[in-house]
Amino acid sequence: MAHEDGAFIGAEDDLLAKLGISRPTLRQAAKIAENDRLISVRRGIRGGFYASRPDADDAIRTLTRYLRLKGATLLDIVAVSRLVAEEAASLACKCNDSALRDKLVQFAATIDEAGTAGALIVAETRIARLLARMSGNPAIELVMAIGYSFGMEEQGTNLYQTDDDREIARKLQHGLCQAILERDSEVARLMMRRRSATLAGWIEAAEARA
């Protein structure tokens, strides 16, 4: 962890001498670290051990497998992520990263183009990930990414099935983007709360129909 991503840690023989361990022990430890995305092992010329770093997608894949095995539902995800999403919206109002704010402006300009259920699921995931990044909190980023990647993309197929539902979703997106761009954290929280409540209502209705 002391090395930068991609930094050369050492060749196998060098590490054997430095650590004073056997080759099988080193290789076993390296395999564990490689599975955890903490190192990468390269063969041939310039071969050896290099520092690596896991990213959010690595963590999400593991956690979504756990959620599937436990039978988690989209409603479970909304219930847990609701307060986190509100905090993300509030913190996003304070974001001074011009590149991220420009991305939000660009997203807002495309909201009305999401005319199908599939397009809206993609849009909801995009805005959730963007606001999480704007929050500057990696824990929020991870929770929201899990929620939307697992919930919206995998289990959201019954959402946004009517024109009215899609129109409501787009209006909520517009309101949320406007509040954040105007740095109004109270309204941003309110819009995110309304989105969560609306989404929960749709999920419950879909489950009742099923």
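These legends accompany close-up views of a predicted model.

**View 1. The helix pair α1 and α2.**
Helix α1 covers residues 12-19 and helix α2 covers residues 23-35. The two pack at an angle of about 110 degrees. Their axes are 10 Å apart. Angles of 65 to 115 degrees count as roughly perpendicular, so α1 is roughly perpendicular to α2. From α1, the contact takes in Glu-12, Asp-13, Leu-15, Leu-16 and Leu-19. From α2, Arg-23, Leu-26 and Arg-27 meet them. By class, the contact residues are four nonpolar and four charged, with no polar ones.

**View 2. The open sheet.**
Three strands form this sheet, in the order β1-β3-β2. The pairing is antiparallel. Strands β1 (8-10) and β2 stand at the edges. Each has a single partner strand, so one side of each is left without a neighbour in the sheet. Direction ignored, neighbouring strands are turned by 35 degrees against each other on average.

**View 3. Bridges to β3.**
Strand β2 spans residues 39-42, and strand β3 spans residues 48-51. Four bridges join β2 to β3. Two bridges join β1 to β3. Phe-49 of β3 is the bridge partner of Val-41. Phe-49 is also the bridge partner of Gly-10.

**View 4. The hairpin of β2 and β3.**
Five residues lie between the strands of this hairpin. Gly-44 takes a positive phi here, near 80 degrees. The strands on either side run antiparallel.

**View 5. Helix α2 on the sheet.**
Helix α2 lies across β2 and β3. The helix runs at about 125 degrees to β2. Helix α2 also packs with α1, where Leu-26 is one of its contact residues.

**View 6. The largest pocket.**
This pocket has a volume of about 220 Å³. Its lining includes His-3, Ile-9, Leu-15, Lys-18, Leu-19 and Ile-21. Leu-26, Ala-29, Ala-30, Ala-33, Ile-39 and Phe-49 also line the pocket. Helices α1 and α2 each supply at least two lining residues. Helix α2 gives the most, with four. By class, the lining has ten nonpolar residues, one polar and one charged.

**View 7. Residues shared between the views.**
Leu-15, Leu-19 and Leu-26 belong to the contact of α1 with α2, and these leucines line the largest pocket as well. Phe-49 has bridge partners in Val-41 and Gly-10, and Phe-49 also lines the pocket.

Key: Residues numbered from 1 in each chain as written. Predicted model: local features only at pLDDT ≥ 70, side-chain atom pairs only at ≥ 80, totals over all residues. Heavy atoms only, no water. Axes fitted to C-alpha atoms, helices over the stretch in contact; angles between N-to-C directions. Parallel < 35°, antiparallel > 145°, perpendicular 65-115°, else oblique. Contact = heavy atoms within 4.5 Å. Nonpolar A, V, L, I, M, F, W, Y, C, P; charged D, E, K, R; others polar. 1 Å grid on protein atoms, 1.4 Å probe; cavity = no way out; pocket = protein on both sides within 12 Å on 5 of 7 lines; lining within 4 Å. Points joined across faces, edges and corners; volume = space filled by probe spheres on them. Pairing = 2+ DSSP bridges.
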